[in-house]
Amino acid sequence: MTTTEIKTNDRTATEATTVRPNPTTAAPRLNFAKAAPKAFRAVIGLDAAAREGLDPALVELVQIRASHLNRCAYCLHMHTTDARKAGESEDRLHMVAVWQEADHFFTDRERSALALTDAVTRIGDAGVPDEVYDRAAAHFTEEELAHLLALIFTINTWNRIALSTAKRAGTDER
């Protein structure tokens, strides 16, 4: 994070900006899977366990949404590609980023999962509001809800791994 001073009407305001590496020009970073194989396998195990009992289309929508919020181009590319291969429509893929305004593209169950994804991914903003949690709980069994939460935790972990190691979108190195 860098700070920039901005002069306005004889006042100086400090604005925080995020500087991200450019994956096309950034120096190569470590290969997380090779450098920490046990940790990498643990995340893979959590990912596999989280998906159990969840609709594969819903899994991709959740992963796409979290990747939008985290600005993870690598994961966004990977999961939109996987969703297309699984038969997801282009219309729905384009609407995930604005699902609240395009709610007619998604079922009530999917919208509750996307709302929970937003809240958990942005947990530092306002926690997980009761109404968001209750809405998801109304559409998922307790076991499904636990798996959905684990899926959201996992994609946020994958996003952080990809962003921290400057994974390049479109390479789909898994």
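Me: Accessible areas here come from the Shrake-Rupley method with a 1.4 Å probe. With that settled, what does the accessible surface of the chain come to?
Reply: About 10200 Å². Carbon and sulfur atoms account for 54% of that. Keep in mind that this is a predicted model.

Me: And how much of the chain is buried?
Reply: Of its 174 residues, 37% are buried.

Me: Take contacts between residues at least 6 apart in sequence. How many of those join residues at least 24 apart?
Reply: 63% of them.

Me: OK, switching to α4. What span should that helix have?
Reply: α4 covers residues 73-85, which is 13 residues, so at 1.5 Å a residue it should span 18 Å. Its end C-alpha atoms are 18 Å apart, and that agrees.

Me: Which α4 residues are buried?
Reply: Tyr74, Cys75 and Met78 are, and then comes the run His79, Thr80, Thr81, Asp82 and Ala83.

Me: What do those buried residues pack against?
Reply: Four other helices: α2 (37-51), α3 (56-69), α5 (90-95) and α9 (142-164).

Me: What happens just after α4?
Reply: Gly87 sits there with a positive phi, about 100 degrees.

Me: You mentioned α3 and α9. At what angle do they pack?
Reply: About 45 degrees, and their axes are 9 Å apart. An angle between 35 and 65 degrees counts as oblique, so α3 and α9 are oblique to each other.

Me: Is the crossing of α3 and α9 left-handed or right-handed?
Reply: Right-handed.

Me: Which residues meet there?
Reply: On the α3 side you have Val59, Val62, Gln63, Ala66 and Ser67. Facing them from α9 are Leu148, Leu151, Ile152, Ile155, Asn156 and Asn159.

Me: New topic: Glu110. Where is that residue found?
Reply: In helix α6, which runs over residues 108-121.

Me: Buried or exposed?
Reply: Glu110 is buried. The cut-off is under 20% relative accessible area, and Glu110 has 10%.

Me: What is Glu110 in contact with, leaving aside neighbours within four places in sequence?
Reply: Leu58, Leu61, Arg92 and Phe105. Among them, Leu58 and Leu61 fall within the 56-69 stretch of α3, and Arg92 falls within the 90-95 stretch of α5.

How values were computed:
Residues numbered from 1 in each chain as written. Predicted model: local features only at pLDDT ≥ 70, side-chain atom pairs only at ≥ 80, totals over all residues. Heavy atoms only, no water. Buried < 20%, exposed > 50% of the residue type's maximum accessible area, 1.4 Å probe, protein only. Contact = heavy atoms within 4.5 Å. Helix = DSSP H or I, 4+ residues; strand = E, 2+ residues; numbered from the N terminus. Expected span 1.5 Å × (residues − 1). Axes fitted to C-alpha atoms, helices over the stretch in contact; angles between N-to-C directions. Parallel < 35°, antiparallel > 145°, perpendicular 65-115°, else oblique. Left-handed = near helix turned anticlockwise from the far one by under 90°.
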